[in-house]
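Please keep the sequence and the coordinates in view while reading.

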Amino acid sequence: MTDWVKAAELGPLRERKKLKVTVAGEDIALFFVEGSVYALRDICIHKQSRLSRGLVFKGKVVCPGHQWAFDLKTGWVDQWAKCQPVYPVKVEEDVVYVLMQPQVRDVEPAPHERFCEAG
Ligand code: FES
C-alpha cells in the first residue's frame, strides 16, 4: 500500500519558499529550494520549535529554537549527530505529495546524500 498524500499546491509553496501543512494529522514543514521540494517534520526533535518558522541557509533549515541546522534532504544535524524525520516528496501536475513514511537516519549521511556536501 502506498501512502502518498496530497500536501499542498506547488504555486503557494514556490511563492513563499516554505509552508507548514498538516497531513494525516502530522505537521510537516515544506521547503522550496533551488527548484526542489523538501519535507521535514515540523516539530523540532530538540525542544519542539517549528522548523517552518526557521530560516533556510546553504541547504539547511535553521531551527528558530536553538539554531540546530538540519540538512534539507536528510534531516541530519552535524553538530549533534541527530536526525529530524524527513518525508519523501513527489510533485505531479503542480501538486506536492508526501509519503507518510518518515525516514530517520542513525548514521551520518554520505556527502552525496546531502543537499550539499558538508564543510
Ligand atoms: S528547538 Fe530546535 S534546536 Fe532547539
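Lys17 is exposed, with 11 other C-beta atoms within 10 Å. The terms rest on a count of other C-beta atoms within 10 Å of a residue's own, with C-beta atoms placed from the backbone: 20 or more make a residue buried, 12 or fewer make it exposed, and anything in between makes it partly exposed. The model is a predicted one, in which local features need pLDDT of at least 70 and side-chain atom pairs count only at pLDDT 80 or more, while totals for chains, interfaces and linings use all residues. Residue numbers start from 1 along each chain as its sequence is written.

Lys17 is located in the loop between helix 1 (10–16) and strand 2. Helices (H or I, at least four residues) and strands (E, at least two) are DSSP runs, numbered from the N terminus. Although Lys17 is not a glycine, its phi is positive, at about 75 degrees. Most residues other than glycine have a negative phi. Ala24, in the loop between strand 2 and strand 3, is not a glycine either and has a positive phi of about 50 degrees. Ala24 is also exposed, with 10 other C-beta atoms within 10 Å.

Strand 2 (residues 18–23) and strand 3 (residues 26–33) run antiparallel and are joined by six bridges; two strands count as paired if DSSP finds at least two bridges between them. Strands of a sheet pair through backbone hydrogen bonds, either parallel or antiparallel. Within this pair, Lys20 stands opposite Ala29 of strand 3. The two strands form a hairpin with two residues between them, and it is here that Ala24 takes its positive phi.

Strand 4 in turn pairs with strand 10 in the antiparallel sense, over two bridges; the bridge partner of Ala39 in strand 10 is Tyr87.

Together these pairings give an open sheet of four strands in the order 2-3-4-10, with antiparallel pairing. Strand 2 and strand 10 (86–87) stand at the edges with a single partner strand each, so one side of each is left without a neighbour in the sheet.

A further hairpin is made by strand 11 and strand 12. Four bridges join strand 11 (residues 89–92) to strand 12, and the two run antiparallel. Glu92 stands opposite Val95 of strand 12. Two residues separate the strands, and Glu93 in the turn has a positive phi of about 50 degrees.

Which residues of the largest nonpolar core touch the most other members? Of its 29 residues, they are Ala7, Leu30, Ala39, Leu40 and Phe70. A nonpolar core is a set of buried Ala, Val, Leu, Ile, Met, Phe, Trp, Tyr and Cys residues joined through C-beta atoms within 7 Å. Two or more residues each come from strand 1 (4–9), strand 3, strand 4, strand 8 (76–77), strand 10 and strand 12 (95–99). Strand 3 gives the most, with five residues.

Ala39 illustrates the packing. Apart from neighbours within four places in sequence, Ala39 is in contact with Ala7, Ile28, Leu30, Val86, Tyr87, Val89 and Val98, where contact requires C-beta atoms, placed from the backbone, to lie within 7 Å. Leu19, in strand 2, is buried, with 21 other C-beta atoms within 10 Å. With the same exclusion of sequence neighbours, Leu19 is in contact with Ala8, Pro12, Leu13, Leu30 and Ser52.

At the level of the protein, the secondary structure comes to one helix and twelve strands. The radius of gyration is 13 Å, close to the 14 Å that the globule rule gives for 119 residues, so the protein is as compact as a globular protein of that length. This radius is taken over C-alpha atoms, and the globule rule is 2.2 Å times the number of residues to the power 0.38. The C-alpha atoms fill a box of roughly 35 × 30 × 25 Å along the principal axes. Of the 119 residues, 31% count as buried. Among contacts between residues at least 6 apart in sequence, 43% join residues at least 24 apart.

How values were computed: Two residues are in contact if their C-beta atoms, placed from the backbone, lie within 7 Å.
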